[in-house]
Amino acid sequence: MDCYTANWKPLGDSAFYRKYELYSMDWDLKEELRDCLVAAAPYGGPIALLRNPWRKEKAASLRPVLEIYSASGVPLASLLWKSGPVVSLGWSAEEELLCVQEDGAVLVYGLHGDFRRHFSMGNEVLQNRVLDARIFHTEFGSGVAILTGAHRFTLSANVGDLKLRRMSEVPGLQSAPSCWTTLCQDRVAHILLAVGPDLYLLDHATCSMVTPPGLAPGVSSFLQMAVSFTYRHLALFTDTGYIWMGTASLKEKLCEFNCNIRAPPKQMVWCTRPRSKEKAVVVAWERRLMVVGDAPESIQYKQLTIQVLLDRLVLRRLYPLAIQICEYLRLPEVQGVSRILAHWACYKVQQKDVSDEDVARAINQKLGDTPGVSYSDIAARAYGCGRTELAIKLLEYEPRSGEQVPLLLKMKRSKLALNKAIESGDTDLVFTVLLHLKNELNRGDFFMTLRNQPMALSLYRQFCKHQELETLKDLYNQDDNHQELGSFHIRASYAAEERIEGRVAALQTAADAFYKAKNEFAAKATEDQMRLLRLQRRLEDELGGRFLDLSLHDTVTTLILGGHNKRAEQLARDFRIPDKRLWWLKLTALAELEDWEELEKFSKSKKSPIGYLPFVEICMKQHNKYEAKKYASRVGPEQKVKALLLVGDVAQAADVAIEHRNEAELSLVLSHCTGATDGATADKIQRARAQAQKK
């Protein structure tokens, strides 16, 4: 069996991936998004749109439509909204859609539009109505926060275990805040809101005024705010056009940026910049998008940058001083200390008066697993200095196999490279080594090397299946693997041979291999296939038409459809097709031909081994109730009711069910009674049930 990791590729140092197309983007929106409430689930989940939600310019009779799509635009559900006006939509962590209505009711739907449940945010919310709402996520679950018409907040931190909390009141608040959001601090959900130039932090017991540190002067109002997904960072947009970014605790400022736009943005959210851990805020206006990052402080030198300074210290082998400067300036390890230690190690391998063991031990004790240090680079320097054994010892400390193997191959240590590649599980790396070994060793030695490495052998077999079929056959022959040889000749008989004689010869070789492998079933099946191929060629010569490469069942069916019933029956006997299967094949074929006379003769040729209900079903499938009724009368008692219902004889089906006194059959007939036409039959069944209950 071939290795199942063969189509995986490396991603970074410790992960692997395989790539194949899952789906294409299928969006086909008919209306603009400004006409919709939109909610996208976290982690690339479904997207919900509530179209035309109670806009004044829309007709009052036009109901909104709730639509749910996958992230790629595939429609998942669409339903008319028949409940009250919706203020906000949002998805829970369990991918349930929460629809917050104006009356404080929250309706919960599944991602396929199935209604799950509903709950209320309390009487106070019902009385004062909902002005605004937020769905948020915490370590406890998914929560809902409500701003009421009385300018009070109510929230539940976990809708799965609903506990409503009324937040503290902001003194003197007479209008809705200019912006607000939810925060989660110390395992407690809070509300942060802006009223003019002031910010307030609310919980269920207190209302505290807070001030962002380092905020530029002149702010008279906060127009927008955004909290990061982890609740660690906060961004504020002011009416002066500044964006303040800092910690959500409002104790530390990260940066402040003047975007020179005073209009409030449509949306503002946090993100992480690709290939870095730097946080950034994306701000969107009607026709503009801006990304603002928390730029770290930097130290500039007029003539000498810090990197140049460190390089000069390293060149002078002043490693301790260079490290002290890095630590004083708090440079990232990769840019500072790690780089200095790597330079020191490359110098260390040049000390030829010290043994390989001592040098390797000293380097490992000093470097350990310091981030950013590549032992393979140090080993390459050792190899360049003529110290191959030292290089091999240093490579033992290199955690990334992808860095070990190329150097081992360069040092002519191919078998060790193969072991390292196999240990890594990186199939691309194993293939690289195998192709190198194939060119380096003679054919016999290469095959012997593979025999001692099962994973490598499996991967190479898979390579040969696509690239070198003859080599694959040689591998199977060397291992006396007759089972795989048989399978090889089976595939070859259809892939390479077009002539029937060549195909049969290849199948005979496969059958011989299966006998050697003591797989008698596979051998007999192969011989049957050879016999079928010869017969199909003879049928084509004698009858015309296409028979070659049809399955046994399709061959029988084709003969019946062509009117060659005796040949079909002979073929069934030759290949021992069970009687029940042959009757099904013949029944289906004759019905497809609509040869009802021949079908009736066939049904009377002997007692049907499959019964007569299939005759009724096949006739009805061909929309021939007249023929179906012929067989309904011949159906056995246990299937009589079903047959009569299939042909539409509800009344007679009821009589049979009553005669059988079978409750299941009575219920089945009753389910088929429709309208006034079957009213008498339904009454008859009910009377029979009543009489049975009296007894």
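**Reading salt bridges**

Analyst: D579 is partly exposed, with 34% relative accessible area. Partly exposed lies between buried (under 20% relative accessible area) and exposed (over 50%), with a 1.4 Å probe and protein chains only. This is a predicted model: local features need pLDDT of at least 70, side-chain atom pairs count only at pLDDT 80 or more, and totals for chains, interfaces and linings use all residues. Residues are numbered from 1 along each chain as its sequence is written, and side-chain values use heavy atoms, leaving out hydrogens and water.

User: Which residue forms a salt bridge with D579?

Analyst: A salt bridge puts a side-chain nitrogen of Lys or Arg within 4 Å of a carboxyl oxygen of Asp or Glu. Here D579 pairs with K606, with closest N and O atoms 2.7 Å apart. D579 lies in helix α19 (residues 579-593) and K606 in the loop between α20 (596-605) and α21 (613-621), so the pair ties together parts 27 residues apart in sequence. Helices (H or I, at least four residues) and strands (E, at least two) are DSSP runs, numbered from the N terminus. K606 is partly exposed too, at 44%.

User: Is R152 buried or exposed?

Analyst: R152 is buried, at 10% relative accessibility. R152 bridges to E169, N to O 3.3 Å at the closest. R152 sits in the loop between β12 (141-148) and β13 (153-156), E169 in the loop between β14 (165-166) and β15 (179-185), so the bridge joins parts 17 residues apart in sequence.

User: How many salt bridges does a search of the whole structure find?

Analyst: The search finds 23. One of them joins K642 and E617 at 3.9 Å, N to O. K642 is in helix α23 (residues 637-646) and E617 in helix α21, 25 residues apart. Elsewhere, bridges that share partners join E96, D114, R116 and R117 into one network.
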